[in-house]
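Dear colleague,

I am handing over the structure below, and after it I set out what was found in it. Please read the notes with the coordinates open beside you.

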Amino acid sequence: MEPILTIKDLTKSFGTHRVLDGVDLDVHAGDVVSLIGASGSGKTTLLRCVDLLEQFDAGEIRLDGELMGYRSDGGRRMRLSGRELARQRSRMGMVFQSYNLFPHLTALRNVMLGLTKVRRLPAAEAREIAEHWLDRVGLANRQDYYPSAISGGQQQRVAIARALAMEPRLLLLDEVTSALDPELVQEVLLTIRRLAEAGTTMLIVTHEMRFARQVSTRTVFMDQGAIVEEGDPAIILGEPRSRRLKEFLSSMAN
Amino acid sequence: MQSFLDVLALSSAALLHGVAITVAVSAIAVAAGLVLGAAFGLVLTYGGTVMAFPVRVIVDVVRGTPVLVLILACFYMPAGIGLSPGPLTAGALALSVFCASHVGETLRGALLAIPLAQTDAAGSIGLTFAQTLGYVLVPQAIRQIAPNLVNTAVEIVKASSLLSAIGVGELLLTTQEIIGRSFKTMEFYALAGGLYLAINLLIATGGSWLERRYRLR
């Protein structure tokens with residue numbers, strides 16, 4: 001079966017610092033891939049490149065076979081137009097560390113915005129879909145609240161609903177519990193676990209090792225912009241082979 | 001000698017006309033200033049160096065020049081290229097550009113203060129840049145600068161009194177004419193001050209009503 005997402009030899013530098021150094025990764029339908037690694041290992045940059053929020057220097061990303069972010073023009077690599085980038089982005093969902101809800105819109109309107117403006121659905125239909133997804137993340141009773149009036153965990157669940165309402169082929173999650181108070185982490189992890197059980201394809205950057213082990217079908221360990229080890233979460237996290245992964249895991253355990 | 005009330009009765013029509021001119025020229029300046037100022041703000045923020053440069057020059061010159069000088073310039077300078085705008089046209093133009101420069105600079109500040117994460121979030125659901133501006137960035141910026149816009153409108157009403165210098169028959173010039181005939185200096189300046197205050201209180205009240213109405217705060 002063709003993978004949904006194919007990343008080949010992805011390379012990106014900030015100045016002289018190489019943040020991504022030849023990353024190869026495939027994600028198949030129904031995969032839940034957890035990306036782990038120390039701060040600065042390139043996990044978040046990788047996710048942002050996939051969502052086309054960052055440009056990259058070389059390599060390619062394909063979603064369902066379609067080349068993402070760039071086109072080849074007589075052998076020259078050209079960034080796509082804003083309109084094309086927007087169209088490609090609408091097929092992926094991203095959930096951010098700091099939620100990034102639109103503060104001037106209610107929870108419902110946050111979820112509806114992409115439906116009415118990007119998918120151009122009639123307001124009534126968009127509203128129905130948005131209500132459905134807010135219900136799925138357990139926030140049917142908060143739909144008319146502004147982001148400032150609900151907890152961080154609830155905001156993050158609205159952000160998840162906002163991404164999923166667009167019916168993305170792939171959901172990208174960037175350390176979605178890192179900014180939350182400890183007592184709010186579980187409600188968000190539980191929401192993600194339910195999505196995994198429902199077969200949502202996800203690429204998850206996380207520092208929650210236990211969660212990665214429980215929820216993902218595959219774990220990828222990155223260090224210095226490259227993938228060092230990947231495979232079954234129980235094996236990667238339980239029987240690390242490389243010295244760098246061993247060091248990383250023991251530093252997380254402390 | 002006539003009493004104040006006698007003079008007031010005789011000149012009330014002229015005074016009302018003066019108030020009407022003040023309100024009308026201010027309204028035109030604020031409306032044109034908002035539209036032009038929005039364009040200024042967007043070009044200053046997203047126009048890139050080349051497009052932003054001429055706007056930056058206009059905004060800095062206008063903001064660095066006394067309003068009276070601006071008004072006199074708009075009235076007298078077009079003669080150099082063969083145009084002769086009437087005082088009302090020249091005055092409305094001067095106040096519009098003055099208003100636009102303030103709105104443009106304020107909007108730029110508000111747009112720059114919105115976290116980049118908002119642009120990322122809008123992009124990630126597939127909004128184009130124009131949609132991101134229209135549905136995410138500008139609405140947030142307007143909420144941010146709404147109180148400021150009300151202040152600018154009040155400033156415009158006050159600045160409109162300077163149009164008396166080029167012979168626009170607004171409230172101040174009308175008042176001075178009445179005083180010239182009746183010598184009721186204290187009474188009519190006090191009345192004019194009261195009328196300016198009343199207009200501005202109405203603007204402030206209307207502004208905060210709008211802010212509440214549209215949940216801008």
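In this model, which is predicted, helix α3 (residues 107-117) of chain A packs with helix α5 (residues 152-164) of chain A at an angle of about 25°, and the two axes are 8 Å apart. Since angles under 35 degrees count as roughly parallel, that angle makes α3(A) roughly parallel to α5(A). The crossing in which α3(A) passes α5(A) is right-handed. On the side of α3(A) the contact is made by Ala107(A), Asn110(A), Val111(A) and Gly114(A), while α5(A) brings Val158(A), Ala161(A) and Arg162(A) to it. Sorted by class, this contact of α3(A) with α5(A) has four nonpolar residues, two polar ones and one charged.

The next element to look at is a strand of chain A. Five of the five residues of strand β9 (residues 170-174) of chain A are buried, so β9(A) is largely enclosed by the rest of the structure. In a regular strand the side chains alternate between the two faces of the sheet. Both faces of β9(A) are covered, with Leu170(A), Leu172(A) and Asp174(A) buried on one side and Leu171(A) and Leu173(A) buried on the other.

As for its pairing, β9(A) is joined by four bridges to strand β8 (residues 92-95) of chain A, and these two strands run parallel; within this pairing, Leu173(A) of β9(A) is the bridge partner of Val95(A). β9(A) also pairs with strand β10 (residues 202-205) of chain A, again over four bridges and in the parallel sense, and here Asp174(A) stands opposite Val205(A) in β10(A).

Helix α1 (residues 43-50) of chain A is likewise mostly covered, as seven of its eight residues are buried. The buried residues of α1(A) are Lys43(A), Thr45(A), Leu46(A), Leu47(A), Arg48(A), Cys49(A) and Val50(A). After α1(A) comes Leu52(A), whose phi is positive, near 65°.

Turning to the two chains together, 17 residues of chain B are in contact with 21 residues of chain A. On the side of chain B that touches chain A, the elements that give two or more residues are α5 (116-124) and α6 (129-159) of chain B, and α6(B) gives the most, with seven residues. By class, the residues on that side of chain B divide into eight nonpolar, seven polar and two charged.

With best regards

Note on methods:
Residues numbered from 1 in each chain as written. Chains lettered and ligands numbered in written order. Predicted model: local features only at pLDDT ≥ 70, side-chain atom pairs only at ≥ 80, totals over all residues. Axes fitted to C-alpha atoms, helices over the stretch in contact; angles between N-to-C directions. Parallel < 35°, antiparallel > 145°, perpendicular 65-115°, else oblique. Left-handed = near helix turned anticlockwise from the far one by under 90°. Contact = placed C-beta atoms within 7 Å. Nonpolar A, V, L, I, M, F, W, Y, C, P; charged D, E, K, R; others polar. Buried ≥ 20, exposed ≤ 12 C-beta atoms within 10 Å, placed from the backbone. Pairing = 2+ DSSP bridges.
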